[in-house]
Amino acid sequence: MAEKLKQLGKFKSLTPEINEAFHGWNGVSLKEGVLSQKLKELMAVACAATTGCEYCLDLHSKGAKRAGATETEVAEALMLATAGKAGAAFAHAANAFETFEETENDELFKKTYLAHTMKLRELAPEDFKAFFNFTTKAGAEGELSVKEKELILVAVSLITGCPYCIDSHVKNAKKSGATKEEVAEAVFVASALNAGSAFTKSPTALKNFDK
């Protein structure tokens with residue numbers, strides 16, 4: 001960790017203005033707004049789990065704890081990240097079956113394709129049932145409300161890049177009472193964490209210049 005921080009610190013001298021702007025943006029994206037700082041940190045935990053950034057996971061789980069999140073709330077956020085990544089793969093079956101059936105359509109991610117996913121109920125019934133049992137329970141009311149969970153899933157979906165998931169979870173968030181402003185802040189948390197995962201990989205490249 002010390003070596004990683006040393007390498008990341010190089011940006012202060014290598015790209016000072018960009019580095020300052022990057023950290024300024026990160027600071028704004030995680031501060032209290034229409035969403036609480038606690039929810040933003042929990043969202044960041046889920047986003048970090050989605051990007052696979054261990055540094056971000058460590059940083060934001062500590063941030064969530066400082067902001068008053070419980071261990072159960074962090075666990076629920078992590079399960080949402082797991083469900084969100086699973087859901088993205090599931091939803092992309094829409095295109096997998098479109099390709100398998102060798103249709104003449106040359107357009108991906110059409111909304112009408114989503115009906116293809118229901119074929120999985122017959123093709124892999126046990127898997128289908130177990131998958132929905134997990135994702136339904138992950139999104140149900142717990143220590144985090146359904147609205148909070150759907151906002152977290154909006155952020156996770158933006159990172160997975162699944163258009164079907166984005167459509168579904170934005171609608172679900174709105175249905176559960178989320179405002180457009182809350183969704184907007186979730187967008188910037190996801191954006192910051194996606195960028196952060198790239199930033200924290202920088203030491204792998206920069207350390208080569210120490211030789």
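**Close-up views of a predicted model**

**View 1. The largest nonpolar core.** This core counts 40 residues, and L42, M43, L151, I152 and L193 have the most contacts inside it. A nonpolar core here is a set of buried Ala, Val, Leu, Ile, Met, Phe, Trp, Tyr and Cys residues joined through side-chain atoms within 4.5 Å; buried means under 20% relative accessible area, exposed over 50%, and partly exposed in between (1.4 Å probe, protein chains only). Two or more residues each come from helix 3 (16-30), helix 4 (37-51), helix 5 (54-66), helix 6 (71-91), helix 10 (146-160) and helix 12 (180-199). Helix 4 gives the largest share, eight residues. Helices are DSSP runs (H or I, at least four residues), numbered from the N terminus. This is a predicted model, where local features need pLDDT of at least 70 and side-chain atom pairs count only at pLDDT 80 or more, while totals for chains, interfaces and linings use all residues. Residues are numbered from 1 along each chain as its sequence is written, and side-chain values use heavy atoms, with hydrogens and water left out.

**View 2. Around L193.** Leaving aside residues up to four places away in sequence, L193 touches L30, A44, C47, A48, T51, C56 and H60 (contact means heavy atoms within 4.5 Å).

**View 3. The largest pocket.** About 490 Å³ of space lies here. A pocket is an open set of points on a 1 Å grid over the protein atoms alone, where a 1.4 Å probe fits, with protein on both sides within 12 Å along at least five of seven lines; lining residues have an atom within 4 Å of a point. The volume is the space filled by probe spheres set on the points, which are joined across faces, edges and corners. Of the 22 lining residues, G87, F132, T135, S168 and H169 lie nearest the centre. Helix 6, helix 9 (125-139), helix 10 and helix 11 (163-175) each give two or more residues to the lining.

**View 4. An aromatic cluster.** Ring pairs tie F11, F22, W25 and F199 together. Rings of Phe, Tyr and Trp (its six-membered ring) pair if their centres lie within 6.5 Å; planes under 30 degrees apart count as stacked, over 60 as edge-to-face and the rest as tilted. The structure holds eight aromatic pairs. One of them, F11 with F199, is tilted, at 5.1 Å centre to centre and 40° between the planes. F11 sits in helix 2 (residues 11-14) and F199 in helix 12, 188 residues apart.
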